[in-house]
2 protein chains.
Amino acid sequence: MKTTKKIVLNENDMPREWYNIVADMHTKPMPPLHPVTKQPLAPADLEPIFAKELIKQEVSSERWIEIPEEVRDLYRIYRPTPLVRASGLEKALDTPAKIYFKNESVSPVGSHKLNSAIPQAYYNKIEGITSITTETGAGQWGSAMSVACQHFGINLQVFMVKISYEQKPYRKSVMNTYGANVIASPSNLTEVGRRMQQQFPGTNGSLGMAISEAMELAMKDEKTKYTLGSVLNHVTLHQTIIGLEAEKQMEIAGDYPDVVIGCFGGGSNFSGIAFPFLRHKLTEGKDIRLIAVEPASCPKLTRGKFLYDYGDTEGFTPLLPMYTLGHNFEPAEIHAGGLRYHGAGTLVSQLRKDGLIEAEAIKQNETFEAGVLFARAEGIVPAPESTHAIAMTIREALKAKEEGKERVILFNLSGHGLIDMAAYDKYLSGSLSNYEVSDAEIEKSLAGLK
Amino acid sequence: MKTTKKIVLNENDMPREWYNIVADMHTKPMPPLHPVTKQPLAPADLEPIFAKELIKQEVSSERWIEIPEEVRDLYRIYRPTPLVRASGLEKALDTPAKIYFKNESVSPVGSHKLNSAIPQAYYNKIEGITSITTETGAGQWGSAMSVACQHFGINLQVFMVKISYEQKPYRKSVMNTYGANVIASPSNLTEVGRRMQQQFPGTNGSLGMAISEAMELAMKDEKTKYTLGSVLNHVTLHQTIIGLEAEKQMEIAGDYPDVVIGCFGGGSNFSGIAFPFLRHKLTEGKDIRLIAVEPASCPKLTRGKFLYDYGDTEGFTPLLPMYTLGHNFEPAEIHAGGLRYHGAGTLVSQLRKDGLIEAEAIKQNETFEAGVLFARAEGIVPAPESTHAIAMTIREALKAKEEGKERVILFNLSGHGLIDMAAYDKYLSGSLSNYEVSDAEIEKSLAGLK
């Protein structure tokens, strides 16, 4: 009898609530501070920027938060996603480890980002918002918001980091096809954009700048709000649907993970897969490891500092308690655009500080080597971001082999790479950068922050 | 109570046999002829080119042919694929029609082509073949063969039509990532390639030329065989898994299609979705329409002639009885590369001749208009090829609305378009060609054929 390759849930088995880990955290996260007064933020301070219901979720300590019927409806376009036994990879590694992955790449935009884009657009819609602004780096979040806003009849303006806008024209085409308006950032549309262009002539742009621009437009207009695709508590909340489904699926498979692995940018896909499992560690002392994997070129969790920092370049966002490389940190141009962000979300940062999750930084060549091995073994070309999780999975599987131990590994395949093939080209031709940021750079970027 | 969005089958419900429509055809297809002697072909004549088991399938009249366990195993990477209720599209069209689509875009290479690539690589493997040659236009078939050959440890050389090789570098990267060797065609590797370059200096290449090159290498070496991704009987046989799954899923949905629609290049995805339903028309007189949709720039089924023609430019292939525009026909450069082929497969051609299936030709702008509407309504950017099926679906849905009739429409979403966004760019900027081939061109291309 063959082992099942994919564990597939019915639509009716899709979770009806998201899981809020704040309810179970032993040390509660420190409060965000007002960017100007530096005093703890009142929820109302966020109302010029975010939909009210999203603010409520941002500060909630309820354990379970209901997923609205309209959101579940749209989730059904691609959810529940399959849990897949990576039997091809196991064979290629000749490991006694059992490897599973949650396949979020089956989403029509190719990544997990729709999980939060849909509820964010929905809550804005029911609060009467007609326009949304957001930013995007590699383009995954912008594509997801484009689908969601199109569905709910909301105008969307996406500030796309200039270098990605130029180097990845097809990501822009995807957003245009879904009906969104895409602007290269920094732009002339905003004061901050104009200032950035004067201050840094010929700049490539950055996520931090794009966030500042998108926020400026939202702050200026009552019917316009802003959305963010990672870092914040409500985003990680929405993403827990990944891990909640995976839990049910692992139960059907008759296994329980010893280790859960996700790549790490701001925390959205890592938290999504990890928090529902971490819950049992927090509440029942379950012996399980959670590993966040970041690029060696942007290693906030492993080499950054835990302190209050801004989420954007201009300092429009609240000050958040986070592991950070400094909000002026300019990550090297690696291909995992979704991992090029200076800070980690508040929840992950606190959990890391408390020793409840692990973190590893991996250089680009090892991640692409893992990506190619995975593509050949499992038939799916992974997104450059996801190759970080795969590289870590391979390390763990080889360790299990060395130790002669059966170990159950679960990782999140956050997306596919079919739209990012330039990266694979470079890897296969041996011209990929293997950059690791120096201590001096990190120190310089963190100087002046406390 | 919400209607289910997706009908998902378990792996165990995946069909165990392919359906061979030859068994049920009222008029059996005419035999292929030897390219040189012009006498009916003996199966053994194909042995220098194809694996023996595939030849057996090519000439079989058995109704059901077992799917080998190893093939089913690999199918499980992405199969069974979902059947989706296009509720968003229905709403956008305000139609009383119920629209369903079979979502073959969830395959890791983004299209239905793996359905035949896997068995073709498998049968070659068990017959001791170590190298395979093939051709690819848009790159879908080449990508699928790359995955399959990698799995079975077979070397693969893909002759890629030169203009696609240059215009779609990322398709090449996908094949390279899966471990295949990709050559721009016409190349210097083969006699026919060198001759073509002399004869047509600066040529863009064509599928016909690429097939000739791939076949030449296979004919020269005993351990090397050739594979084709469409047109032939054994390819359409493998693709019937699409329709067989869809039949089970429609039953679960409690509906039966009045009309089944697929885009049409050589016949692989159309036959795949249509033949299992056509079976009930042939055997029980079931009232059901099957519509093949081709581009107005390459309309063999609607404006070609039914006669014996070659499948390639050089005349290496057997002469097949087919609707054709002539094997020297050079289709205009539309974006649906998979539909740019001069001839229709033998089985579809005979069924069309007997009035058992319908055909329509649609111009490029209407198809992309349909594609954008679908992307916005259903969240999935369709492949340029698949937009032809969607355009026809919309015509039928609007007709149902005009007539005030509830009608059940099923179409095949053969692939997604995330890797073909240049086409959408052109459409959105209004610079897409809306070319329709002239009668004079078709006459000229058919001159000399009988």
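User: Which strands of chain B make up the open sheet of seven strands, and in what order?
Analyst: Happy to walk through it. In this predicted model, with residues numbered from 1 along each chain as its sequence is written, local features need pLDDT of at least 70. Strands here are DSSP runs of E, at least two residues, numbered from the N terminus, and two of them pair if DSSP finds at least two bridges between them. The pairing in this sheet is mixed, and the order in chain B is S1-S4-S5-S15-S10-S11-S14.

User: Which are the edge strands of that sheet?
Analyst: An edge strand here pairs on one side only.

User: Which residue of S14(B) stands opposite Pro295(B)?
Analyst: Strand S11 of chain B covers residues 289-295 and pairs with S14(B) in the parallel sense over five bridges. Opposite Pro295(B), S14(B) places Ile362(B).

User: What angle does the direction of helix H11 of chain B make with that of S10(B)?
Analyst: Helix H11 (residues 268-284) packs on the sheet, touching S5, S10, S11 and S15 of chain B; contact means heavy atoms within 4.5 Å. Axes are lines fitted to C-alpha atoms, for helices over the stretch in contact, and angles run from 0 to 180 degrees between N-to-C directions. For H11(B) and S10(B), the angle is about 155 degrees.

Technical notes: Chains lettered and ligands numbered in written order. Predicted model: local features only at pLDDT ≥ 70, side-chain atom pairs only at ≥ 80, totals over all residues. Heavy atoms only, no water. Helix = DSSP H or I, 4+ residues; strand = E, 2+ residues; numbered from the N terminus.
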